[in-house]
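Student: Could you walk me through this structure, one question at a time?
Tutor: Gladly, let us look at it together.

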Amino acid sequence: MDNVIRPDFQRAAKARDETRDEAPGNDRKAGRGGGPAQYVRCYGEIGTHAVSLVRDRASPKGDVYQVVIDTPDGQIGPVGVEPATPDGMFDADRIGLAVVRTLELLARRPGDFDVA
């Protein structure tokens with residue numbers, strides 16, 4: 001059953017907390033204080049990439065969940081945007097897990113990581 005997606009939320013959450021402790025002035029990661037962008041969870045980390053869920057209350061589309069890919073240099077950007085509703089959270093979770101699985105498969109390929 002190699003094709004089953006198994007997220008490890010605890011490992012990713014601990015890594016996120018350590019990152020926050022090391023860089024307390026990082027506004028992109030410290031959205032829990034009620035600002036317009038709020039970090040919700042990390043779906044997983046593959047190499048230098050982390051797939052996270054962020055709630056963006058200041059989006060032009062209104063209150064939304066964004067699935068984003070983070071790198072050490074900062075966020076690449078949203079790869080999925082869903083309304084901030086229970087159904088939107090469900091869909092965002094599916095998108096996040098699918099992106100993690102895709103990155104895992106690409107990381108196993110020999111050669112250039114950018115070839116998909």
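Student: Is Arg-57 buried, partly exposed or exposed?
Tutor: Before we start, this is a predicted model, in which local features need pLDDT of at least 70 and side-chain atom pairs count only at pLDDT 80 or more, while totals for chains, interfaces and linings use all residues. Residues are numbered from 1 along each chain as its sequence is written, and side-chain values use heavy atoms, with hydrogens and water left out. Buried means under 20% relative accessible area, exposed means over 50%, and partly exposed lies in between (1.4 Å probe, protein chains only). Because its relative accessible area is 42%, Arg-57 is partly exposed.

Student: Which residue forms a salt bridge with Arg-57?
Tutor: Side chains of opposite charge can pair when their charged atoms come close. A salt bridge here is a side-chain nitrogen of Lys or Arg within 4 Å of a carboxyl oxygen of Asp or Glu. For Arg-57 the closest N and O atoms are 3.8 Å apart, and the partner is Asp-63.

Student: What is the C-alpha to C-alpha distance in space between Asp-63 and Ala-84?
Tutor: Asp-63 lies in strand β3; strands (E, at least two residues) and helices (H or I, at least four) are DSSP runs, numbered from the N terminus. Not counting residues up to four places away in sequence, Asp-63 touches Arg-55, Asp-56, Arg-57, Pro-83 and Ala-84, where contact means heavy atoms within 4.5 Å. Asp-63 and Ala-84 are 21 residues apart in sequence, and their C-alpha distance in space is 5.6 Å.

Student: How many residues apart are the salt-bridge partners Asp-93 and Arg-41?
Tutor: The closest N and O atoms of Asp-93 and Arg-41 are 2.7 Å apart. This pair links distant parts of the chain, with Asp-93 in helix α2 (residues 86-108) and Arg-41 in strand β1 (residues 37-46), and the separation is 52 residues.

Student: In what order do the elements of the chain run from the N terminus on?
Tutor: The chain has two helices and four strands. Reading from the N terminus, the order is α-β-β-β-β-α.

Student: How many bridges join β1 to β2?
Tutor: Two strands pair if DSSP finds at least two bridges between them. In this pairing, Tyr-39 stands opposite Val-54 in β2, and Ile-46 stands opposite His-49 in β2. The strands β1 and β2 run antiparallel, and the number of bridges joining them is eight.

Student: Which residue in the hairpin of β1 and β2 takes a positive phi near 60°?
Tutor: This hairpin has two residues between its strands. The residue with a positive phi near 60° is Gly-47.

Student: What stands opposite Asp-56 in β3?
Tutor: β2 and β3 form a hairpin with two residues between them. They pair in the antiparallel sense over eight bridges. Opposite Asp-56 stands Val-64.

Student: How many of the eleven residues of β2 are buried?
Tutor: Across the chain, 34% of the 116 residues count as buried. β2 is mostly covered, and its count of buried residues is nine.

Student: Leaving aside neighbours within four places in sequence, which residues is Val-100 in contact with?
Tutor: Val-100 belongs to the largest nonpolar core. Beyond its sequence neighbours, Val-100 is in contact with Tyr-43, Gly-44, Ile-46 and Val-51.

Conventions. A nonpolar core is a set of buried Ala, Val, Leu, Ile, Met, Phe, Trp, Tyr and Cys residues joined through side-chain atoms within 4.5 Å.
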